[in-house]
Amino acid sequence: MGSVIRTLSLASRGIGNYLTNRPLSVSFEVTYSCNARCKHCHLGGFIKDEVKAPPERFGELCHQIKPVVAQISGGEPLIRRDLEDIVRAMRRKNRAPYIVVTTNAIMLNKKRYESLIDAGVDQFSISLDYPDERHDDFRGHKGLFQHIDKLIRELKGSNGKSITLSCVVQKDNFRDLIKIAELSEKWGVNVNFSTYTWLRTNDMNYVLDADDLLEFKEIVKKLLAMRKKYHNFFASEYTFKRMIEFYEKKSIPNCRAGERFFIVNPDGRFSPCGLILTYHDSMEEMKKDFVKKNTCTACNTSIRSNCEKPVKYLIKDNLATL
Ligand SMILES: C[S@@+](CC[C@H](N)C(=O)[O-])C[C@H]1O[C@@H](n2cnc3c(N)ncnc32)[C@H](O)[C@@H]1O
């Protein structure tokens, strides 16, 4: 019964927020410190004297913003010892939001997984860029792939379905996406695909070129067939169509950052996205000062792509996920 009430709460918040131009997904970046050094990211290393809001403040903000999906990210969110308190402060029994922790899994073990699930996490989005040890090199952390492999096998008995592998598609790994999808099926977890953006590091070398795209389109056909067979893909036909469009044009217009999606910084201030850090004290101020003037077209990250889906796909893809 509880899960039916929760599903109805999520659906009604989704419809309400869509119709009233309120956020569908908000990323609460609880620290910018990170224990990895990823090749596609500007973050990495410990930030001394970072101003971090306490759990209750993240709870207040989450209840005030009322997103459908509350992502908890960073930096690396598991670095915060009070992460469980943050989740508890955000969570409402049998109600929205749906809570996702985005993590590199370096600090995730069975005990922490279970305590975070007990606190109210719905889904762990575990970053995985390669289906083997190349992941360690890309993330700057030796042994990480083996750790994820071991952890997921260990968790299979608990609740493997609370895990999504999250892969950022780029020039170096697009030929490995089928293997990553196969791995997700073997491990009994979900899989999602996002698009690389150069906005974090200014590195254009990871962008797919025209020749890559010919190959990529064939890979996408196979991935979509796997999606139908395995039923564990979050990325949909729409996701891949937009990814191809982004790589072809290096641009997707009409960004809805600051409105359909945005981030809350470690100190509790708002920014339109993790790539454009202008700071605002409220959603209203962000809409007035940023949204109306925003001309950025330089990303197609999963949060953006999903929050800008036409209503037809929002319904279709979310029904498939449920
Ligand atoms: C910044 S990380 C923070 C959360 C956590 N530390 C992790 O690694 O999952 C959030 C997500 O952004 C992705 N990301 C990092 N750099 C990116 C880029 N240049 N383009 C697209 N996604 C990127 C990561 O792969 C990860 O899935």
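**View A. K222 in helix α8.** A helix is a DSSP run of H or I that is at least four residues long, and helices are numbered from the N terminus; K222 is found in one of them, helix α8. The model shown is predicted. K222 counts as exposed because its relative accessibility is 54%, and exposed means over 50%. L177 is 45 residues away from K222 in sequence, with a C-alpha to C-alpha distance of 9.8 Å.

**View B. The largest nonpolar core and F193.** This core holds 91 residues, and the members that touch the most other members are F28, F193 and F216. Helix α8, residues 210-230, supplies the largest share of the core, with 7 residues. Apart from neighbours within four places in sequence, F193 is in contact with C167, V169, L177, I180, F233, A235, T239, F240 and M243. L177, one of these contacts of F193, is also the residue whose C-alpha lies 9.8 Å from that of K222.

**View C. T239 in helix α9.** Helix α9 spans residues 237-249 and includes T239. Is T239 buried or exposed? T239 is buried because its relative accessible area is 6%, and the limit for buried is under 20%. Not counting residues up to four places away in sequence, T239 touches F193 and S305.

View D. The relative accessible area of S302 is 16%, so S302 is buried. When residues up to four places away in sequence are not counted, S302 touches N192 and S194. V168 is 134 residues from S302 along the chain, and the C-alpha atoms of the two are separated by 8.8 Å.

**View E. F58 in helix α2.** Helix α2 runs over residues 55-65 and contains F58. F58 counts as buried because its relative accessibility is 0%. Its contacts, leaving aside neighbours within four places in sequence, are F28, V30, A53, R80, I86, M90, V264, N265 and P266. F28, one of these contacts, is also among the core members that touch the most other members. V264 lies 206 residues from F58 in sequence, yet their C-alpha atoms are 8.5 Å apart in space.

View F. A polar atom in the side chain of S127 is 2.6 Å from a ligand oxygen atom. For R139, an N or O atom of the side chain lies 2.8 Å from an oxygen atom of the ligand. R200 has a polar side-chain atom 3.3 Å from a nitrogen atom of the ligand. On its own the ligand has 550 Å² of accessible area, of which the protein covers 91%.

**View G. The cis peptide bond from A96 to P97.** Most residues other than glycine have a negative phi, and most peptide bonds are trans. The bond from A96 to P97 is cis, and its omega is near 5°. P97 sits in the loop between α3 (83-90) and β3.

**View H. Positive phi at N21 and N202.** N21 is not a glycine, but its phi is positive, near 60°. N21 is located in the loop between α1 (2-19) and β1 (25-31). Its relative accessible area is 28%, so N21 is partly exposed. N202, which is not a glycine either, has a positive phi of about 65°. The loop that holds N202 lies between β6 (190-195) and α8. N202 is exposed because its relative accessible area is 66%, and exposed means over 50%.

Definitions and conventions
Residues numbered from 1 in each chain as written. Predicted model: local features only at pLDDT ≥ 70, side-chain atom pairs only at ≥ 80, totals over all residues. Heavy atoms only, no water. Core = buried A, V, L, I, M, F, W, Y, C linked by side-chain atoms within 4.5 Å. Buried < 20%, exposed > 50% of the residue type's maximum accessible area, 1.4 Å probe, protein only. Helix = DSSP H or I, 4+ residues; strand = E, 2+ residues; numbered from the N terminus. Contact = heavy atoms within 4.5 Å. Polar contact = N/O pair within 3.5 Å; in protein donor to acceptor, adjacent residues only side chain to side chain. Areas by Shrake-Rupley, 256 points an atom, 1.4 Å probe, with all protein chains shown as cover.
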